[in-house]
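Let's work through some exercises on aromatic ring pairs together. Have a look at the model first, then try each task before reading its solution.

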Amino acid sequence: MYLKPYSRWVIVGATLFFLLQALIRHWQEVTTIQISSTGWRILTGALCVTFFAHIWSGWVWTWILGELNQQVNKYQFLRVYLKTNIAKYLPGNVWHYYGRITAAKKAGISTSIATLSVLLEPLLMAAAALIIVLVGIFFEVTNYRLPLIWLSVLGLATVLIAIHPRFLNIAIRFLGKLKLKKNQPNIIAPNGYMLIRYPLNPLLGELGFVLLRSIGFLLTLLALNSLQLEQLPLLLGAFSLAWLLGLIVPGAPGGLGVFEATVIALLEHSLSPGIVISAIAFYRLVSILAEAAAAGFAWLDEHRLDFN
């Protein structure tokens, strides 16, 4: 408990140290990489795909609210999602969730359901990423170690069971009773039955989101170096695993550092380290630009409606 405030700094420090070491070792390779005019066009394509991925993710959030029996203005909540998404880079990595809960409350949604919607989203994303990791492992067994296979299977099974209404509603009721015993405000609905059916459509939606993010990364790699068809399962699986760790590891706003370090560790023996380091640097830039552009687009669209 006393070490918790320092754990995030340990994680950030360790990942930055690893990245710095990798950059120093392969600096000469990185400096020799040049991007052709075709490569710049491919990078623009990566930016467009990543931009659309965030729009799609916001749309899936409205599906999650629909699974919780909330009839919402989808375009309004899509704008909320896109505007708050950029806040995940703030220290704490929770402010985008806070912004969505606050906006949902203003729209008349209870705190309990708003909170549950933003808790379900990363769980569904994690399940989607693990599915892609396991598909990559199926086609590229020789590039993965057995413990990773078992951890992926165990993690996916745990998440898929956890989001089942039968188990999720039990957990919700337990949390509600726990808060009442501690004399804290109960943000959980009294009956606990908020999720009526298995959230299959949102899960498929998040699978599409992670695939779109993966395609953006593949296009970034392609802009720097040619790729072979047989490499795709490994690259998709490695990206999904790195993205997942960036999502769940605490102390890394937006997965900064964790994602990059994991990609290098997984791909440095399959691709040129210089290509990998350059690709993750460009992809981080592409990702931030796409998120900022999506937030700006949502802001402009909202003010256009206010003006009209």
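**Exercise 1.** Count the aromatic pairs, then classify the pair of Trp-61 and Tyr-81.

*Solution.* Rings of Phe, Tyr and Trp (its six-membered ring) pair if their centres lie within 6.5 Å; planes under 30 degrees apart are stacked, over 60 edge-to-face, and the rest tilted. By this rule there are 14 aromatic pairs. For Trp-61 and Tyr-81, the centres are 6.0 Å apart and the planes at 40 degrees, so the pair is tilted. Next, locate the two: Trp-61 belongs to helix α3 (residues 37-67) and Tyr-81 to helix α4 (residues 74-85), so the pair ties together parts that are 20 residues apart in sequence. Helices here are DSSP runs (H or I, at least four residues), numbered from the N terminus.

This is a predicted model: local features need pLDDT of at least 70 and side-chain atom pairs 80 or more, while totals for chains, interfaces and linings use all residues. Residues are numbered from 1 along each chain as its sequence is written, and side-chain values use heavy atoms, without hydrogens and water.

**Exercise 2.** Are Trp-61 and Tyr-81 buried or exposed?

*Solution.* Buried means under 20% relative accessible area, exposed over 50% and partly exposed in between (1.4 Å probe, protein chains only). Trp-61, at 1%, is buried, and Tyr-81, at 3%, is buried too.

**Exercise 3.** Classify the pair of Phe-239 and Phe-259.

*Solution.* Their ring centres are 5.6 Å apart with planes at 75 degrees, so the pair is edge-to-face. Phe-239 lies in helix α10 (residues 232-248) and Phe-259 in helix α11 (residues 258-267). Finally, ring pairs join both to Phe-217 and Tyr-283 in a cluster.
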